[in-house]
Amino acid sequence: MNDISLQKLVQRISQDDFRKPFLHKALFNTRLQTTGGRYLLKSHDIEVNPKYVEKFGHDELVGIIKHELCHYHLHLEGRGYRHRDRDFRVLMQKVGAPRFCSRIPQSYLVYRCQQCDARYRRRKRMDVARYVCGACKGKLIFFEKIVD
Ligand SMILES: [Zn+2]
Ligand SMILES: [Zn+2]
C-alpha cells in the first residue's frame, strides 16, 4: 500500500463513517515508533505508521484511521478533540474506533507561586514579571514543563 491508496482510503472512511470529507493529506511515516498514527494540529494531516499495518493488517489500519479522523473532524469543528474530551469519546464510540492511543503531544508550562505554592498551567510561555498569583498576589516562577 502506498500514500495514494492510503489517501483514498482515508477519504472513503471519512465519507462513509463520518459523512464529512477529508480535505488534507494522509501519509505513511516510517519514523513513528510507538503509535499507530497521529494527527498533526498545524497541518491537519494524518500520519500512519506502516509497521503497524504490516504487523496487524487491514483492520488495524482502518481502526487507526478512524481514531485519527475523530481528532481531525473535532479539531476542525472547534470541539473537544483530545482523548479525555467527551466529544471525542462519544464520536469514537459512534464510529467504532478503537481506544488505543496514537497520541498528540500536548505540552504545558507550569508556574508556581513562591508564596502560597499555587500552580498555574499555561500553553504558552508567560512573562512572570507582569503577573502575580491570583490567590495571594505572590510572585510567580517557572516550575516545570509537562507533556501529556
Ligand atoms: Zn488519539
Ligand atoms: Zn500565591
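In this report, buried means under 20% relative accessible area, exposed means over 50%, and partly exposed lies in between (1.4 Å probe, protein chains only). The model is predicted, so that local features need pLDDT of at least 70 and side-chain atom pairs count only at pLDDT 80 or more, while totals for chains, interfaces and linings use all residues. Residues are numbered from 1 along each chain as its sequence is written, chains are lettered from A and ligands numbered from 1 in the order in which they are written, and side-chain values use heavy atoms, with hydrogens and water left out.

## Loop and surface residues

With 66% relative accessibility, Leu 23 counts as exposed, and this residue lies in the loop between H1 and E1. Helices (H or I, at least four residues) and strands (E, at least two) are DSSP runs, numbered from the N terminus. Leu 23 and Gln 7 are 16 residues apart along the chain, and their C-alpha atoms are separated by 9.9 Å.

Arg 19 also lies in the loop between H1 and E1, where its phi is near 60°, a positive value in a residue other than glycine. Asp 117, found in the loop between strand E4 (107–113) and strand E5 (119–122), likewise is not a glycine and has a positive phi of about 75°. Lys 8, by contrast, has its place in helix H1, and its C-alpha lies 8.7 Å from that of Ala 26, a residue 18 residues apart from Lys 8 in sequence. The relative accessible areas of these residues are set out below.

| Residue | Relative accessible area | Class |
|---|---|---|
| Leu 23 | 66% | exposed |
| Arg 19 | 67% | exposed |
| Lys 8 | 54% | exposed |
| Asp 117 | 38% | partly exposed |

Ala 118 is found in the loop between E4 and E5. Not counting residues up to four places away in sequence, Ala 118 touches Tyr 111, Arg 112, Cys 113 and Cys 133, where contact means heavy atoms within 4.5 Å. The C-alpha atoms of Ala 118 and Ile 64, which are 54 residues apart along the chain, are separated by 39 Å.

## How the helices pack

Two packed helices are described by the angle between their axes and the distance between the axes. Here, axes are lines fitted to C-alpha atoms, for helices over the stretch in contact, and angles run from 0 to 180 degrees between N-to-C directions.

The axes of H1 and H3 come within 10 Å and cross at roughly 65°, which makes H1 roughly perpendicular to H3. Angles of 65 to 115 degrees count as roughly perpendicular, those under 35 as roughly parallel, those over 145 as roughly antiparallel, and the rest as oblique. On the H1 side, the residues that meet H3 include Leu 6, Leu 9, Val 10 and Ile 13, and their partners in H3 include Leu 61, Val 62, Ile 65 and Leu 69. The residues of this contact divide into ten nonpolar, three polar and two charged; Ala, Val, Leu, Ile, Met, Phe, Trp, Tyr, Cys and Pro count as nonpolar, Asp, Glu, Lys and Arg as charged, and the others, Gly among them, as polar.

Helix H3 (residues 58–76) and helix H4 (residues 86–95) also have axes that come within 10 Å, crossing at roughly 135°, and the two helices are therefore oblique to each other. Lys 66, His 67, Cys 70, His 71 and Leu 74 in H3 meet Asp 87, Phe 88, Leu 91, Met 92 and Val 95 in H4, and the residues of this contact divide into six nonpolar, two polar and two charged.

## Nonpolar cores

A nonpolar core is a set of buried Ala, Val, Leu, Ile, Met, Phe, Trp, Tyr and Cys residues joined through side-chain atoms within 4.5 Å. The largest such core has 25 residues, and those with the most contacts inside it are Leu 6, Val 48, Ile 65, Leu 69 and Cys 70. At least two residues of this core come from each of helix H1 (3–18), strand E1 (26–28), strand E3 (46–48), H3 and H4, and the largest share, seven residues, comes from H3. A second, separate core of seven residues includes Leu 109, Tyr 120, Met 126 and Cys 133.
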